[in-house]
Amino acid sequence: MKVPDYFFPLVAYRAWQWDAHGLRSLNGEQWVAGRPLAAACRASNVARPVGRVRAVHGAHGAPQMDCTCGVYAAKNLDHLRQSGYDKYGVYGEVYLWGSLVECAFGWRAQFAYPKALYLLSDTLPVTLAEIRSRVQALISYRKDIFISHHGVRIALWRENSGFESAGLDFLMSRGQHWYDRRTREKTPHRGDRIAILGSGIAVVADVDSEQLHTLLENHSVVRIGRRMVVWNEQNLRWEASPRAGFKNPLKREE
Ligand SMILES: [Zn+2]
């Protein structure tokens with residue numbers, strides 16, 4: 001049966017892997033920016049033993065009806081969702097053209113190129129600098145880039161006008177929320193060690209909303225106001241110092 005040719009591109013949906021070099025198919029094949037991805041049949045490259053001689057299965061143009069070759073894409077977002085696209089970080093619309101084979105879940109195409117890319121907000125790095133360097137690889141495809149945030153679409157970069165303030169604002173406030181949360185959560189937990197300047201090392205036995213209950217090496221209990229404990233980035237440890245305007249911050253119980 002002859003595979004029909006489509007001269008006008010059709011729009012379908014698919015997911016990609018995304019790394020510093022750009023987009024990859026889920027099987028690892030690189031999508032080169034600015035160039036259509038042309039399907040090649042891997043099956044036809046497999047040498048198959050025929051009797052005592054090895055014959056190469058006749059190479060054919062991809063895709064073929066009775067093969068599995070071609071660039072895969074889903075017909076709609078529902079189909080794509082069913083395939084668990086949200087595991088991969090980038091999904092989007094893709095142009096398909098050339099020979100197309102229709103299959104249960106969508107298409108197998110001869111040629112493909114991205115039409116628009118959606119980045120799932122939950123899978124993005126946190127800092128703007130990191131995001132920018134990764135997005136740079138996607139910009140080279142010269143197609144619109146959006147952030148998909150719990151079903152809301154936010155423009156990040158446009159083919160004709162570059163970065164969009166809506167997307168950058170979103171990423172910046174997201175970075176700030178993350179930073180605030182991290183700072184809030186930056187409190188010692190049970191079992192952590194705290195260097196109490198002038199008294200030695202204590203181990204956190206319990207934490208309540210106001211205080212840390214800690215045990216010094218000599219088994220005396222020291223209660224420390226939570227706000228007195230800071231993470232020392234240089235020493236990579238929690239430290240408490242009886243300073244900073246707190247009167248009697250350390251209360252010793254015998
Ligand atoms: Zn094939």
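**A tour from the zinc site to the aromatic pairs**

Begin at the zinc ion, whose donor residues follow the sequence spacing C-x18-H-x6-C-x1-C. This is a predicted model, in which local features need pLDDT of at least 70 and side-chain atom pairs count only at pLDDT 80 or more, while totals for chains, interfaces and linings use all residues. Residues are numbered from 1 along each chain as its sequence is written, and side-chain values use heavy atoms, with hydrogens and water left out.

Select Cys-41 (SG), His-60 (NE2), Cys-67 (SG) and Cys-69 (SG), which coordinate the zinc ion at 2.1 to 2.3 Å (donors are N, O and S atoms within 2.8 Å of the metal, or 3.2 Å for Na, K and Ca). The 4 donor atoms subtend angles of 95 to 121 degrees, so the arrangement is tetrahedral (four donors, all angles between 85 and 135 degrees). His-60 is partly exposed at 22% relative accessibility, whereas Cys-67, at 16%, is buried (buried is under 20% relative accessible area, exposed over 50%, partly exposed in between, with a 1.4 Å probe and protein chains only).

Next, select Tyr-91 and Tyr-118, a stacked aromatic pair with 5.2 Å centre to centre and 15 degrees between the planes (ring centres of Phe, Tyr and Trp, the last by its six-membered ring, within 6.5 Å; stacked under 30 degrees, edge-to-face over 60, tilted for the rest). Tyr-91 is buried at 8% relative accessibility, and Tyr-118 is buried at 10%.

Technical notes
Four donors count as tetrahedral if all angles lie between 85 and 135 degrees; four count as square planar and six as octahedral if opposite donors are over 155 degrees apart and all others between 65 and 115; anything else is irregular.
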